[in-house]
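I opened my notebook to see what I could look up in one protein model.

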Amino acid sequence: MSAALARLTSHGTDRRAAADAFRTRHHGGVIGYVGADVPVEYLTAAGLLPLRLSGDPGTPSTDGDRYLGTGLDPAARSVLTRLLAGDFGPLDGIVVSRDSEASLRLFYALRELRRVDPALALPPVHLVDVLHLPHRTTTRYVRAKLGQLRATVETWAGRSIDDRALADAIGAHDRLRELLTRISALRRSQPARLTGTQTLTVVAATTALPVERATALLEELLTEADHLPEHEGLRVFLTGSPHDTGHVYTALEDSGLLVVGEDHDWGDLLSLRRTAAPTEAALAERYQYNGPSAPRASIRARAAHTRRAARECGAQALVSYARVHDDAPGWDYPAQREATGLPSVLLSRQPYGALGDEAAEALAGLVRTTQPTGPRARAEAAR
Amino acid sequence: MSAARLASASAATAHQRQWFADLREEAADGGPLALVNADAPQEIFRAMGIPYVVNQWWSSIVTAKRRAQDYLGLLRERGYPDDSEQYSSIPLASAFDPDPANAPWGGLPRPTIVLAETTGDASRKIFDIWDTQPGVSFYPLESAAENDVPARWWELMPRDWERAVGSDRLDLMTGELEGLIRFLEQTTGRVFSETRFAEVMALVNEQQEWNRRTRDLIARARPCPLPVNDSIPSVMIPQWHRGTPWARDAARAFHDEVAERVSTGTSVCPQERARLMWIGRGLWFDLDFYRRFEESHGAVFVWSMYLAIAADGYLRYGGDPLRALAARFAAFSDQLYTPPWSAEWYVKEARHHGVDGVVHLVSEDARGSYFTTRALEAAGIPVLELHADNVDARSADGDALTRTVGDWLDRHVLAGD
Ligand code: SF4
Ligand code: SF4
């Protein structure tokens with residue numbers, strides 16, 4: 001395996017290693033964050049390390065269930081459980097975005113736990129309410145919320161963020177997005193040079209590492225691209241719930257699929273949009289128009305995006321994976337299926353981090369009925 | 001003395017029938033019609049004379065007529081979920097009804113505009129589908145959230161709403177409402193008059209002041225003058241008509257009726273030993289449940305969120321009327337569901353009503369429930385949590401539920417008696 005890919009894989013899975021290193025080697029503060037709508041640029045500009053918080057499907061979410069109820073996306077319940085267990089190491093603050101209803105409820109729970117149960121010693125929490133309607137009124141609001149976040153981050157960091165530092169951070173994160181887009185092209189190429197699982201893990205690593213380190217590792221990986229092995233499988237575009245761990249991707253790819261693209265923000269959607277200028281105003285617009293994610297975008301916007309993205313990936317089939325208590329994907333699916341015109345399945349009410357039994361059957365059916373392409377399949381067909 | 005059905009409830013129900021018949025006629029003549037979510041700023045439609053139907057009200061009518069399953073089936077046929085946000089999605093299925101003539105109340109006329117906040121992850125999608133129906137436009141409003149809020153909102157809201165809600169949210173919603181008004185002016189040709197709007201806003205405040213007096217009467221009355229369910233139509237139907245003289249007068253008639261009962265000593269349960277609060281959605285399949293503990297335990301449910309939120313949740317005085325309207329809705333559901341607001345408010349209401357215990361129905365979708373129970377217990381009020389899966393109509397073993405509550409009353413509420 002490429003050395004860069006090995007490093008990235010290790011940071012994508014052991015998500016707190018870089019934070020621990022950052023703290024001990026540089027005595028820097030680490031801020032946990034929830035959701036792709038958190039403008040991490042402010043954290044980077046203040047010299048803090050943004051660590052995107054993820055759940056763990058393998059551990060029961062007992063504490064999270066108690067505070068949030070069992071009717072909420074299990075990924076959010078797991079994040080809360082892990083926060084209470086100190087799984088992410090010491091954090092100097094938590095920023096939660098409004099990327100989904102579950103994240104918002106997680107924020108309310110954290111805010112209230114801090115108020116009524118100081119003994120839990122939770123770090124300070126801040127909600128950044130980035131909204132997404134395509135209106136000027138919303139832009140103004142998001143701008144105000146970014147200003148509010150900036151002030152909070154300055155307090156946490158004990159220093160002010162000047163416009164120059166912010167511009168640098170915007171440039172650095174856009175550069176990272178640029179590279180992520182190129183990495184994603186590696187698994188879209190025919191034959192693919194990365195699997196969906198590898199790509200997902202690489203993207204995850206970049207949300208745990210300092211931006212310069214992530215950028216350097218991606219650059220290194222790109223130089224090694226030609227030596228990466230080739231991968232085959234039924235090329236599917238994955239829509240539906242976001243995946244904060246690789247479990248479902250592994251299960252999908254173990255059943256003969258190759259995830260060549262997705263429209264959730266632990267994957268391709270994270271790096272889709274750049275910032276038009278190195279200013280706070282442009283940053284507000286970047287986050288407002290970030291997406292289109294399932295919980296926040298209209299059915300129409302989602303369907304149009306899925307059609308375009310699935311075509312660009314050369315996908316042969318569409319799979320919508322909807323986690324239990326993640327309500328948005330089921331509403332999007334009929335329009336997405338129609339828009340892409342691809343053979344498709346909806347896997348609804350899936351357990352966190354796994355495929356239900358019926359899902360496995362549905363996927364087997366999809367693989368059987370969809371004509372595989374690619375050199376090996378063509379060779380086999382010729383034989 | 002046992003209590004008969006409230007005259008105000010019968011009057012409200014009759015009014016609702018007549019109103020809907022008139023509305024159907026108006027819509028048949030090709031006029032505009034809005035379908036709006038319960039927590040949306042209906043006052044603008046009122047002021048412009050655009051008839052509207054509240055989405056959740058229509059849902060309750062369909063459900064009461066036992067058509068909910070048919071309607072969910074219509075969604076399923078089109079590939080849409082039948083297990084998500086049903087209360088908001090059932091009216092959408094009206095648009096797909098192959099036999100609208102046999103729909104409840106003659107059927108929901110097709111709206112020309114639908115208005116909703118983009119709350120939750122799915123509710124806006126329901127309106128996206130409305131938007132694809134011929135002749136229907138969806139006007140979405142943002143649902144914003146604040147990082148830091150003052151806890152005792154009910155003290156601030158009536159006059160100091162700017163501080164309670166926060167200026168950013170108010171700027172946002174005021175801007176959106178200005179856009180809505182322009183949109184309605186252009187698409188309906190109706191006029192928005194500031195004078196008329198100020199009247200509507202004043203009528204709403206008057207109506208809610210009556211509700212507030214009624215709530216306070218019931219809170220102080222010993223014994224409780226009416227069963228908790230009976231107040232619901234008397235509060236809710238006028239709420240759908242708020243901003244009209246009829247609705248204000250209906251709230252006043254309800255108040256006078258309750259005052260009359262208090263002065264004549266009418267009571268639900270003369271041997272009142274325990275006053276109870278019910279938090280959570282109603283047990284619609286078993287409304288008698290609320291009265292089952294009167295004879296056995298002298299326990300009476302005295303509190304419903306419908307009257308209480310009418311009393312505390314709507315009043316907005318002063319400032320620019322459009323901004324005041326924004327302040328009514330920019331944080332409406334936070335008042336009921338988001339801690340610290342929700343938790344502190346339930347405690348305040350429990351104390352105000354002198355309740356001896358709280359039965360808290362915790363749905364699977366438990367918005368802030370843990371914190372509500374915690375706050376009540378911290379205030380020394382016994383709480384019995386019932387979990388929705390035990391209380392579901394299909395699985396509910398009514399006797400077991402009765403036993404659970406009876407037991408809890410014996411051990412935790414009446415033990416010291
Ligand atoms: S990327 Fe950073 S934390 Fe990870 S191994 Fe290299 S130096 Fe250490
Ligand atoms: S990743 Fe960079 S910042 Fe972190 S420890 Fe390694 S060198 Fe230092």
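**Ground rules.** This is a predicted model, so I note that local features need pLDDT of at least 70 and side-chain atom pairs count only at pLDDT 80 or more, while totals for chains, interfaces and linings use all residues. Residues are numbered from 1 along each chain as its sequence is written, chains are lettered from A and ligands numbered from 1 in the order in which they are written, and side-chain values use heavy atoms, with hydrogens and water left out.

**Chain B overall.** I looked up the secondary structure of chain B and got 20 helices and eight strands. Helices here are DSSP runs of H or I with at least four residues, strands are runs of E with at least two, and both are numbered from the N terminus. The radius of gyration of chain B is 21 Å, close to the 22 Å that the globule rule gives for 417 residues, so chain B is as compact as a globular protein of that length. (That radius is taken over C-alpha atoms, and the rule is 2.2 Å times the number of residues to the power 0.38.) Along its principal axes, the C-alpha trace of chain B spans about 65 × 50 × 45 Å.

How many of the 417 residues of chain B count as buried? I found 60%. Buried means under 20% relative accessible area, exposed means over 50%, and partly exposed is in between, using a 1.4 Å probe and protein chains only. I also checked contacts (heavy atoms within 4.5 Å): of those in chain B with a separation of 6 or more, 78% are between residues 24 or more positions apart.

**The ligands.** Which residues surround ligand 1? I listed A:Arg7, A:His11, A:Arg25, A:Leu209 and A:Arg213; a residue is near a molecule if one of its heavy atoms lies within 4 Å of it. Around ligand 2 I wrote down A:Ala21, A:Phe22, A:Arg25, A:His26, A:Pro210 and A:Arg213. Helix α2 (residues 17–26) of chain A gives the most to this second shell, with four residues.

**Salt bridges.** Side chains of opposite charge can pair when their charged atoms come close. I count a salt bridge when a side-chain nitrogen of Lys or Arg is within 4 Å of a carboxyl oxygen of Asp or Glu. Over all chains, the structure holds 54 of them.

Next I took A:Glu154 and A:Arg150, whose closest N and O atoms are 4.0 Å apart. They are four residues apart in helix α7 of chain A, so about one helical turn separates them. Are they buried or exposed? A:Glu154 counts as partly exposed at 22% relative accessibility, and A:Arg150 counts as buried at 13%.

B:Arg215 sits in helix α10 (residues 194–220) and B:Glu349 in helix α17 (residues 341–352), 134 residues apart. Salt bridges link both into a network with B:Arg212, B:Asp216, B:Asp312 and B:Lys348.
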